[in-house]
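Here is a walk through one protein model, taken a piece at a time. Have a look at the sequence and the fold, then read on.

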Amino acid sequence: MTNANGKVNLAFIGLGQQCMGLLTCFIGDEKVRVVAGCDVYDIKRNRFEKRVRDYYSEKGEKKVKCDMYVDFPDLLARKDIDAVVIATPDHQHARIAIAAAKAGKDIYLEKPLTLTIFEGQQL
């Protein structure tokens, strides 16, 4: 999926160390636009938002908007988000991925995808 300008609007759920490495990879892709992040910890949200704003500002974009969320269902409710990167602790992967799939989002998720066979069946 892509939006009108041909870019994938990408959001991140879980903004810890794993996310920051993934952000470096995704944000440099010209076909991707990072538009949102979600984490329960404000220090992680602030760090992520600053990194995204700084990156796009260095690219010469004056109006940089990267919305921050505490609750991932609020992020998933946005119709303009095409895909999500789930970089939460492992035990949250299945629950968030199932919600993202139900919301119609494409998903990037590293292993373990699920912790149990039942979670895998649900996903």
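**A walk through the fold**

Leaving out residues up to four places away in sequence, Ala83 touches Val8, Asn9, Leu10, Ala11, Lys105 and Asp106, where touching, or contact, means heavy atoms within 4.5 Å. This is a predicted model, in which local features need pLDDT of at least 70 and side-chain atom pairs count only at pLDDT 80 or more, while totals for chains, interfaces and linings use all residues. Residues are numbered from 1 along each chain as its sequence is written, and side-chain values use heavy atoms, with hydrogens and water left out.

Back to Ala83, which sits in strand 4 (helices are DSSP runs of H or I with at least four residues, strands are runs of E with at least two, both numbered from the N terminus). Ala83 is buried, at a relative accessible area of 10%; buried means under 20%, exposed over 50% and partly exposed in between, using a 1.4 Å probe and protein chains only.

Now for helix 4 itself, where the buried residues are His93, Ala94, Ile96, Ala97, Ile98 and Ala100. Their cover includes strand 1, helix 3 (72–76), strand 4, strand 5 and helix 5 (117–122). Take His93, with a relative accessible area of 3%: its side chain reaches the backbone oxygen of Thr88 at 3.0 Å. Setting aside neighbours within four places in sequence, His93 is also in contact with residues including Ile86, Leu109, Glu110 and Leu113.

Which residues of helix 1 (residues 17–27) are buried? They are Cys19, Met20, Leu22, Leu23 and Ile27. These lie on the same side of helix 1 because they cover an arc of only 165 degrees around the axis, the arc being that of the directions from the helix axis to the C-beta atoms. On the face turned away from that buried side are the exposed residues Gln17, Thr24 and Cys25. Among the elements covering the buried residues of helix 1 are strand 1 (8–13), strand 2 (32–38), helix 2 (42–58), strand 4 (83–86) and strand 5 (106–109).

Definitions and conventions. A polar contact is a pair of N or O atoms within 3.5 Å; within protein, one must be able to donate a hydrogen and the other to accept it, and residues adjacent in sequence count only if both atoms are side-chain atoms.
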